[in-house]
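Subject: Structure for you to look at

Hello,

Here is the structure I promised to pass on.

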Amino acid sequence: MCGIVGYTGSKEAAPILMEGLETLAYRGYDSAGVAVWDGEKIEMKKEKGQLANLKSILEREPVHGTSGIGHTRWATHGEPSYINSHPHGDTKKQLVLVHNGIIENYLKLKNMLVEKGCVFVSDTDTEVVAQLIGDLYRGDPLTAISDAMRLLEGSFALAILFRDDPYRIYCVCKDSPMVVGYGRDGAHIASDIPAMLAYTRDVTFMGDKQIAVLSPEGIAFYNEFAAPIDKGSTHIDWDLDAAKKGSYEHFMMKEICEEPVAFRKTAEQYVNFRRGCLKADCFPWADSDAEDVKRIRIIGCGTAYHAGLLGKKYFSELARIPVEADIASEFRYADYEFEPGEILFIISQSGETADSIAAMRMAKQAGVRTIAVCNVIGSTIAREADDVLFTYAGPEIAVAATKSYLTQAAVLFLAALRLGEIRGRVAPDRVSAFLTELAEIPARMQKLIDEREAIQFFSSREFSAKHVFFIGRGIDNALSMEAALKLKEVSYIHSEAYAAGELKHGTIALIEEGTLVVGLITQKHLAAKTASNLEEVRVRGAKVLAVTNGEMPDIADHCQKVWTIPETGELLAPFCAIIPMQLFAYYMAVQKGCSVDKPRNLAKSVTVE
Ligand code: F6R
């Protein structure tokens, strides 16, 4: 969602702010703006649309100064427009600020401020915050911020520049992420780590209701009552190039190509491949408490939820435990009563997804143990969950999740295997067999990536499809859901996943001459059943593509095209089968000329409900 940057130091601020905004562009935005103290006044430039628009304004009318804030806006209150773009200020022109989040009581506050004489120029909830802080300001920014914080309901990350104190940047957060860091040439703020990496790798994650004051000399932290507090920093060892596109045309393709390495790196954290065993101390269960786990619930949003669906299969098959997987935005309002011995798994790449955070907090409040599967160290979910199983995907910049899905599924598989092992549900030789095959998966993935031209060719013929159905059974149904999401989000082609056996209970009515149906058949014991379902759609005119686990000669009669993944055990097959599906979505989107890395209407990190 919105991206915030801020800088105060010895260098020109505008280029640093613009570079930061460009790095954060992947989060999704529809307008952008900067405000810089030019030595006499706060100079503001903003524009609707792409960052290039703002950039050309800055080229024509440069702003000079060494402290400033910047923002990319993803509209929530008020349409994307010049007026609604951030920064926003107060009527008395004492401050400007940028905001990420949603102020839930903004109408009540706005009415109160209008009565006091504030004149509003935008439709945003953000302007209410600027006016509120302006109204409370009596010469001490910290006190005004702290007083305003008590009146604001909702979520916010704010970076504020005061006219009376222009070389300091004040920032404050509640339920919305922000990192700060001090580099060689000054202090920086950003909504996300990649925008910091060029300046420092030692970053501090802002906690709820904490205030940071950045100055050219350093950063000071305060609690919600404006009393000083100490905060440590976290070292981020992500490779700077990992957040750059390099020679790839799109981040999505780069990130698909990184999957074999991301998978291997993640697996190596939990598996001692040399000894052929799981690293017992990397999992949150001791032999003594494994039997106390009575039920597992997995939540996530979008792709993370789909990884959770694979997790559900893994825990029930390997640990023989009742498992449910839920969409976080539904689960948080489900009025669910946890059972004794129940564990909540929260799956999230960013660790900042608002609904997943809310569901996690609900469970924690009920005294339920929470375990996160998360990619970002220091993120809200990683900080607040009782235990974290990290994925080692590195930064994921494309909006469409690819390597994060794969690594989340890998971690869930290994956690289930470990639980099954200590509960005695998976025999030691089966554990070793799984680990032996797991070590071979990156090479199989690489083969699929190396042979991607066939998928590109197929896509070049099919990209005008209006509807695509993905069908499969069991694990393949879970996989189909992710394949369908990937295709629709990047190529805007309507696509649906359907349990193969369920089609004829209604949905088959949609099949007509030429409808593309993709059958996922990685589960050999279900292959004949899915083949019958493919035949049902084929005879009704569908064009059928099957993805099979190794050669399956019997399938060819039921489809026009077959893609084969290297033969892989059924539970591990999704790690290979997802790759052609991601590549298919990518090439369809490229053929259609879509904005692959930043699909319309989408944001990378969904920090509001
Ligand atoms: C789809 C996609 C989203 C995310 C979802 C959860 O490609 O990226 O569906 O998976 O917004 O995000 P995280 O994993 O950051 O909680």
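In which loop is P87 found? P87 belongs to the loop between β4 (67-73) and β5 (88-89). Before going further, keep in mind that this is a predicted model.

The peptide bond that joins H86 and P87 is cis, with omega at about 0°. K93 is not a glycine, yet its phi is positive, near 55°.

Next, the overall layout. The domain assignment divides the chain into domain 1 (3-237), domain 2 (242-439) and domain 3 (451-597). Taken over C-alpha atoms, the centres of domain 1 and domain 3 are 45 Å apart.

The rest of my notes are about the ligand. The ligand is located in the largest pocket. Around the ligand there are 13 residues, and those that come nearest are S348, Q349, S350, T353 and E489. By type, the shell consists of 5 nonpolar, 6 polar and 2 charged residues.

Which helices each supply at least two residues of this shell? They are α8 (302-319) and α15 (475-491). The largest share comes from α8, with 3 residues.

Some contacts to the ligand run through the protein backbone:

- Q349: a backbone N or O atom is 2.6 Å from an oxygen atom of the ligand.
- T303: a polar backbone atom lies 3.1 Å from an oxygen atom of the ligand.
- V399: a polar backbone atom is found 3.1 Å from an oxygen atom of the ligand.

How much of the ligand's accessible area does the protein cover? On its own the ligand has 410 Å² of accessible area, and the protein covers 90% of that.

When you go through the model yourself, you could begin with the cis bond between H86 and P87, and then turn to the ligand in the largest pocket.

Regards

How values were computed
Residues numbered from 1 in each chain as written. Predicted model: local features only at pLDDT ≥ 70, side-chain atom pairs only at ≥ 80, totals over all residues. Heavy atoms only, no water. Domains from an automatic or database assignment. Near = heavy atom within 4 Å. Polar contact = N/O pair within 3.5 Å; in protein donor to acceptor, adjacent residues only side chain to side chain. Areas by Shrake-Rupley, 256 points an atom, 1.4 Å probe, with all protein chains shown as cover. 1 Å grid on protein atoms, 1.4 Å probe; cavity = no way out; pocket = protein on both sides within 12 Å on 5 of 7 lines; lining within 4 Å. Sits in = over half its atoms within 2 Å of the grid points. Helix = DSSP H or I, 4+ residues; strand = E, 2+ residues; numbered from the N terminus. Nonpolar A, V, L, I, M, F, W, Y, C, P; charged D, E, K, R; others polar.
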